[in-house]
Amino acid sequence: MFKSIFFFTTLTSLTLSTPLFGQTLPTAGDIYNFSEESKVYTKMIDIPLNTMEGNFHLSDLYAQKPIIMALVFTRCTGICSPFLLQLHDHLRSLDNKRKFSVLVVSFDPKDSLSEMQSLAARFQLQNNKQWIFATTPQIDSLKTAIDFYPTWDSTTAQFDHEALLVGINENGYIGKKLLGMRDERALLSLIKEINNEFVFSYPLPAKNTIFSCFTYDPATGKKKPSLGLLILLLPAIITLSLLLWLGSRKPKLN
Amino acid sequence: MPTLSFKRITSAWIITILVLFVLAISFGITMRFNQGRDIDISPVTFYSLMTVHGLTMIGIWAVAGMAAVNYLLARYVKVSTSLNVFAFVLTVVGVVILWVVGFIGKFHAGWTFLYPLPFRVAWEEWATLWFLIGLTVLGVGWLVWSVGMIMQILKKYTLGQSFAWQHFTKKHDVAVETPPFILITMVSIIGILISLITAVILLVLFYAEYFSNGTFTNDPLLMKNLTYFFGHTIANEALYLGLATLYELLPEVSGRPKFKTTWYVAVGWNCTMVFVLTAFFHHLYMDFVQPYGFQLVGQFASYFASIPSAAVTIVSVIVLIYGNKIKWSLTNILFFLGLVGWIIGGVGALIDATISNNIILHNTLWVPAHFHTYNVMGNVLFSLAFFVWAANQFAGTDSKNISKAQLVKLSILVIGGFGFVLMFYIAGAYSVPRRYALYPEEFTSAAILASAGAWFALAYLIAILLLLGNIVSKCLKVFSSSQPSPLSH
């Protein structure tokens, strides 16, 4: 029995203390930046692009049509293929009359233009004029411009990265970003945004919102009561104080 | 006893309210005919009408209740004519501003003016600021008036007596008896005061953002909570003011002894005062960021706020009427019909305030169905009963048994009123959405129901016009009179 207890205790301790032996495991916040708001309404850096149709600058493309930019790498065994496939399917089913190009850019320095061309062929998009597959020599500048930071995982020989679409309007400004595998409605709102159409939105609490009812802690996923709730109590407190003051005076006729 | 000048100002209230009521009904009928595709107005005109209609209706029936209880308060405490005149002047100024904002400025954010709609300027630039100014003028007038009335009551009764706390015991020999009218008036005016202070805070936050040039932003959830804390509370307390007049006048005009404050009357109305202040959370069921506990508070407070007052009032009225010979006049029939309308609308409200039902009914015509029922066929009839009674007082005429002509008018009123709200209920049960200027074709019955509702409302309007002539002509007599009428108390 003691052997069993010793074995169980040792195993549990080892399991729980595994992170202590190596370096501290990074948290989700260290790897990903989940904000869709960062860099929105900022001007895109004018990176050079290598495509099968020749070498351009990004500004040459967005000056003609707004751009939906998708970021992938050709050796990706994870999200890239379903991501592109879903984007293709959504755009086809939306049957949108609005003008835009889809620019698929590799963020892997090892990727060549011919490999990107093969990727296009895999999705039968090599002859689709709306889709442009490209590489760029300024990957780091591109990543900084859109707040996109894939991390190399040497164990899997893969980039750990999120699925990201960046909407760029005809003036070169980032109009909207979509993180993750999103539905058609979200994609349509991105297309509308880069075509300068009005898209309904709801303001998120900002730093100048000092009277929020609740504050949300993304680390714990919990809401905490905040200053705004006190404001909700104010009318009753003021009335009660007024009543107590008025009521403290002696009535005349009793 | 009310002075001649107090009668005159009450008379001015009655005439003004009735004129505004007729105009606001016609705005409502126009909207329903448009939804029924019988007429064609632009969406901007529709929503401007909706905004002005809602604001006017909520405003006039709140002040109708306040004017009525202020008049009847003179039986128990010393009342102030100048305070009443002050409130009247500010009300007229406020209404004029809001109508100009709505019809000339084309402001159309709805009477609830939910944040951030007033700042999404789809109207004249100046309209948003003047809308806020209009509300401020009304708020100041009514706030001062409410505080004044509370002060008048507390000059005679202690705080505990004004809430009838001495009646909580089953003993009958209390030193000072609090009349039910004083208890209900106090409870309702306190609620109105709280709602008006909420409105002041709400307006301050609106002004702060308006003048901050983007350095200050409001929290939409806080603004929505404040809006409905104010809106829900004032709409409900206005109804309770109508009930206060019922408690005071129904036995009197029915030739029965006055109602007494018993322990259950005292407990019931004190419960109502507390619970009505938290029932507004039921307006935020769809706001998923609001914790679920708040939603539960909204549901149960809705039950606890309405059931005690309704149960106590129904029992009291049944005891008054059942097995007794009642002199039925226009006044007490209006009170009785108002009670029926209040109960039906209240049941509709409780169905909607239940979370599991609200998921289906939230943005459907069920919502205007229930609030129109307890206003059009509840609160309005309570106030009309007071208007008829007061007009008789002013003209020195006694309230007679109901005539055949009056019965016909009442029949048109009942058919028109209940027919009008029934069309809302049926549409709500079919999930027809509210606040649509025109319905999509998928809602096959929506236009037909809207059109039918408009015709029923037209019948209701005709009945009101027929009743109005007599009331207004009697009220006008008080302006030419220099002597108190022999029938006044």
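Residues are numbered from 1 along each chain as its sequence is written, while chains are lettered from A and ligands numbered from 1 in the order in which they are written. Because the model is predicted, local features need pLDDT of at least 70 and side-chain atom pairs count only at pLDDT 80 or more, whereas totals for chains, interfaces and linings use all residues, and side-chain values use heavy atoms, with hydrogens and water left out.

Chain A has eight helices and eleven strands, where helices (H or I, at least four residues) and strands (E, at least two) are DSSP runs numbered from the N terminus. If contact is taken to mean heavy atoms within 4.5 Å, then among the contacts in chain A with a separation of 6 or more, 66% are accounted for by residues 24 or more positions apart.

One residue in a strand of chain A is A:Phe159, which is found in strand S7 (residues 158-160) and is buried, with a relative accessible area of 14%. When its neighbours within four places in sequence are left aside, A:Phe159 is in contact with A:Phe73, A:Phe107, A:Asp108, A:Pro150, A:Thr151 and A:Trp152. A:Tyr149 stands ten residues from A:Phe159 along the chain, and the C-alpha atoms of these two residues are separated by 9.7 Å.

## Cysteines

A disulfide is a pair of cysteine sulfur atoms within 2.5 Å, and over all chains the structure holds one. This disulfide joins A:Cys76 to A:Cys80, with a distance from S to S of 2.4 Å. The torsion about the S-S bond of A:Cys76 and A:Cys80 is about 85°, and therefore the disulfide is right-handed.

Both A:Cys76 and A:Cys80 are buried. Two further cysteines can be described in the same way: A:Cys213 counts as buried because its relative accessibility is 0%, and B:Cys475 likewise counts as buried at 0% relative accessibility.

## The overall form of chain B

Chain B contains 14 helices and zero strands, so that the C-alpha trace can be followed from helix to helix; its radius of gyration, taken over C-alpha atoms and compared with a globule rule of 2.2 Å times the number of residues to the power 0.38, is 22 Å, close to the 23 Å that this rule gives for 489 residues, so chain B is as compact as a globular protein of that length. Along its principal axes, the C-alpha trace of chain B spans about 60 × 45 × 45 Å.

Of the 489 residues of chain B, 63% count as buried, and the accessible surface of this chain comes to about 18,200 Å², of which 71% belongs to carbon and sulfur atoms. Among contacts in chain B between residues at least 6 apart in sequence, 83% join residues at least 24 apart.

## A buried threonine in chain B

B:Thr313 lies in helix H9 (residues 292-321) of chain B, where this threonine is buried, with a relative accessible area of 0%. Apart from its neighbours within four places in sequence, B:Thr313 is in contact with B:Leu243, B:Leu246, B:Tyr247, B:Trp269, B:Leu339 and B:Trp342.

## Backbone details in loops

The loop between helix H3 (81-103) and helix H4 (125-156) of chain B holds B:Pro116, and the peptide bond from B:Tyr115 to B:Pro116 is cis, with omega near 5°. B:Lys106 also has its place in the loop between H3 and H4, and has a positive phi of about 60° although it is not a glycine. With a relative accessibility of 32%, B:Lys106 counts as partly exposed.

In chain A, the loop between helix H2 (28-31) and strand S1 (48-51) is the place of A:Tyr41, whose phi is near 70°, a positive value in a residue other than glycine. A:Tyr41 is exposed, with a relative accessible area of 58%.

How values were computed. Buried < 20%, exposed > 50% of the residue type's maximum accessible area, 1.4 Å probe, protein only. Areas by Shrake-Rupley, 256 points an atom, 1.4 Å probe, with all protein chains shown as cover.
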